[in-house]
Amino acid sequence: MEAILGNQVMFILFSAMIVMFSILTVTSRRILRAATFLLFVLLSTAGLYFMLNYQFLAAVQITLYAGGIVVLIIFSILLTSHIDHKFDRVPAQKLIMGVIAAGSGIALSLTTLLTYNFVPANQEPISVDMNTIGKSLLNYGDHGFVLPFEVISVLLLAAIVAAVVIAKRKKI
Amino acid sequence: MNFAQFLKTDKLMSADSLILFFIVATVLVGGAILFSTFMAPTSSNPAKFEPYECGIPTKGTTWLQFNVGYYLFAILFLVFDVETVFVFPWAVVMKELGMVAFVEIVIFFFVLVLGLAYAWKKKALVWE
Amino acid sequence: MEFNIYDFTSFTKWIDESLNAAMSPFWVMITEMAIIGVAILAFYALVGLFLVYAERKVCAFMQNRVGPNRVGPFGIFQTIADLLKLLMKELVYIKNADKLLFNIAPFIVITASFLAIAAIPFARGLHAIDFNIGIFYVVAVSSLGVIGILLAGWSSNSKYSLIGAMRSGAQIVSYELSVGLSLITMVVLAGSMQLSTIVEAQANGWFIFTGHVPAVIAFVIFLIASTAETNRGPFDLAEAESELTAGFHTEYSGIRFAFFFLAEYMNMFIVASIAATVFWGGWMPFHVPGWEGFNTVMDYIPPFIWYIGKTAVIIFILMLFKWTFPRLRIDQLLTLEWKYLLPINLFNVVLMAFIVLMGWHW
């Protein structure tokens with residue numbers, strides 16, 4: 001019972017952090033602060049994955065989103081933005097419309113969530129270890145993902161070429 | 001079963017040890033900064049809160065123009081970071097799967113090295 | 001209670017059982033977390049302070065000086081005195097600096113190093129969290145530190161800080177790739193990312209001996225790349241004092257500066273621990289297959305001592321780097337990573353895979 005209680009506390013903690021920092025991200029008027037709050041949202045999401053014992057996804061979330069994308073965003077802010085720069089205040093009309101839109105979204109998801117009849121799973125939780133992930137990633141039979149795995153390298157190649165082309169373009 | 005009951009099932013596993021380390025770090029940094037804020041002596045003079053610039057008054061804004069190279073390297077890093085994420089699961093099962101895994105990684109790396117070679121050829125890896 | 005310095009499993013189990021006998025499970029969890037928290041905090045502070053002292057002594061030794069020698073015998077209390085002094089110093093906020101981010105920056109740097117320490121195996125049974133993705137987890141959380149550095153540089157509202165932060169950022173993210181790839185090479189050999197499994201797999205010989213050439217190449221690359229990733233000399237051009245004053249922490253004062261300083265040393269410790277664990281067998285004693293008598297003698301040395309010894313040797317090597325080599329320029333730095341280390345590393349991974357495929361490893 002206590003273990004469950006502990007889990008509930010953790011779940012509520014992580015969810016509260018996600019909600020709070022998401023709101024801060026969109027309302028902050030300083031762009032780098034918004035990026036920092038986004039970082040905390042992504043880290044709390046990783047915390048939820050850790051709670052589900054899906055450690056690989058959690059680590060991917062941390063390396064790619066927190067350590068990769070956010071770093072890239074911060075880099076571009078450092079390159080283009082000035083510390084004194086602040087966004088203008090949102091006009092009252094837009095603000096009201098935004099609050100109404102967000103509020104109806106919350107109401108919709110809450111009613112769905114609270115009225116939905118959840119079916120408890122009878123299966124034992126599957127522990128997803130690295131062996132399973134690796135084997136299905138490299139398997140070429142049914143349930144194998146070797147084609148996507150190889151196509152990813154082509155996608156990455158395209159990304160490199162695109163980055164080089166854009167950055168090395170002659171100055172206009 | 002409604003949402004509240006769903007939360008009470010034991011399907012969620014614990015991440016409490018990790019949050020523990022997070023809390024310890026918060027206590028350490030927050031505690032020390034608070035302690036310093038209240039305990040340390042303070043003084044004030046007009047020049048004290050100026051940003052440092054070799055002792056002369058600061059000129060212009062802090063905003064500088066940077067080489068776009070910084071951004072290029074950040075993007076290249078992101079590409080290879082994604083690659084690392086996919087190679088880690090491969091590395092774990094390489095021993096078991098043997099030949100199949102070896103051929104697959106050779107193809108994977110060959111395509112990536114093409115990209116690196118392109119960047120090299122276009123002098124994107126040179127700092128200007 | 002049986003306290004066994006060769007295996008901490010029984011010790012931690014004993015704590016758990018005696019606590020369970022005394023109170024309800026919920027309070028057991030709280031108490032255990034408190035114990036671990038205090039232990040980790042004390043360990044972190046002790047290691048950090050000692051490493052700063054060690055660095056000064058090693059530096060003095062190389063430059064034919066004495067180093068700190070007044071506070072306590074051989075000056076061992078010097079860093080504690082420094083810490084107390086820094087605690088009592090005023091925290092200066094620069095005009096127009098972003099106060100919130102200015103405070104968050106050292107917090108992120110410290111948190112990243114704390115989270116990384118959570119996964120390091122210190123001895124058999126002395127291991128806070130044993131993830132099945134161990135190595136990947138350490139790589140992931142240590143990549144968070146760079147965000148703290150970038151934020152510090154931007155929020156200080158100083159040109160030196162900004163330039164220093166940009167340089168550090170480019171350097172750290174570049175060299176992170178080499179750290180990851182050299183560890184992948186060893187994962188291929190071990191067939192697992194779980195740090196406890198990796199250590200157990202080295203019972204009959206450390207990976208640096210059993211992995212032939214690719215293991216040695218990976219070790220050398222790891223040492224170079226991790227020196228660069230922790231921003232230490234000869235790769236410390238982010239805080240090249242002759243041109244950038246102090247880089248991204250130019251405007252930091254008092255205890256906030258101390259946190260950046262502490263985090264740098266803790267990152268060095270983490271890097272050395274990972275190198276010791278993955279390449280030199282962690283807490284596993286030195287064994288030679290077939291030499292029974294020799295192996296038994298080696299087993300008498302407790303695992304914790306083995307671990308500390310190996311880590312200390314690697315830390316000494318890293319300090320040696322810092323005080324022997326001249327600083328690189330940024331173009332040399334990026335050339336080294338992208339034109340040498342990265343291609344060599346990719347080739348090295350394939351080479352290791354080939355050796356594993358052929359069964360040439362022991």
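The largest nonpolar core of this predicted model has 181 residues. A nonpolar core here is a set of buried Ala, Val, Leu, Ile, Met, Phe, Trp, Tyr and Cys residues joined through C-beta atoms within 7 Å. A residue is buried if 20 or more other C-beta atoms lie within 10 Å of its own, exposed if 12 or fewer, and partly exposed in between, with C-beta atoms placed from the backbone. The residues with the most contacts inside the core are Ile147(C), Met186(C), Val187(C) and Val188(C). Helix 7 of chain C, residues 159–190, gives the core its largest share, 19 residues. Helices (H or I, at least four residues) and strands (E, at least two) are DSSP runs, numbered from the N terminus.

Residues are numbered from 1 along each chain as its sequence is written, while chains are lettered from A and ligands numbered from 1 in the order in which they are written. Because the model is predicted, local features need pLDDT of at least 70 and side-chain atom pairs count only at pLDDT 80 or more, whereas totals for chains, interfaces and linings use all residues. The predictor gives the complex an ipTM of 0.84 and a pTM of 0.87. Chain C has a mean pLDDT (the predictor's confidence in each residue, from 0 to 100) of 84, and 96% of its residues reach 70 or more. Within chain C, confidence is highest in helix 10 (residues 212–229), at a mean of 90, and lowest in helix 11 (residues 241–244), at 68.

Now return to Ile147(C). Which residues does Ile147(C) contact, leaving aside its neighbours within four places in sequence? They are Leu39(A), Val70(A), Val71(A) and Ile74(A), together with Ile108(C). Two residues are in contact if their C-beta atoms, placed from the backbone, lie within 7 Å.

Ile147(C) is one of the buried residues of helix 6 of chain C. Gly145(C), Trp154(C) and Ser155(C) are among the buried residues. What covers them? From chain A, the cover includes helix 2 (31–51) and helix 3 (55–80). From chain C, the cover includes helix 4 (99–117), helix 5 (134–142), helix 7 and helix 12 (254–279). Just after helix 6 of chain C, Asn157(C) takes a positive phi of about 60 degrees.

Chain C is assigned two stretches: domain 1 (1–88) and domain 2 (96–358). Domain bounds come from an automatic or database domain assignment. The C-alpha centres of these domains of chain C lie 21 Å apart. In the contact between them, 20 residues of domain 1 meet 20 residues of domain 2. On the domain 1 side, helix 1 (9–22), helix 2 (25–62) and helix 3 (78–87) of chain C each give two or more residues. Helix 2 of chain C makes the largest share of that side, 11 residues. By class, the domain 1 side has 15 nonpolar, three polar and two charged residues. Ala, Val, Leu, Ile, Met, Phe, Trp, Tyr, Cys and Pro count as nonpolar, Asp, Glu, Lys and Arg as charged, and the others, Gly among them, as polar.

Chain A has six helices and zero strands. It is divided into domain 1 (1–85), domain 2 (89–116) and domain 3 (128–172). The C-alpha centres of domain 1 and domain 3 of chain A are 25 Å apart. Along its principal axes, the C-alpha trace of chain A spans about 60 × 45 × 25 Å. Of the residues of chain A, 26% count as buried.

Chain B touches both other chains. Its contact with chain C takes 53 residues from chain B and 64 residues from chain C. Helix 2 of chain B (16–39) gives the largest share of the chain B side, 17 residues. That side divides into 40 nonpolar, seven polar and six charged residues.

The contact with chain A takes 52 residues from chain B and 50 residues from chain A. Here the largest share of the chain B side, 18 residues, comes from helix 3 of chain B. By class, this side has 38 nonpolar, six polar and eight charged residues.
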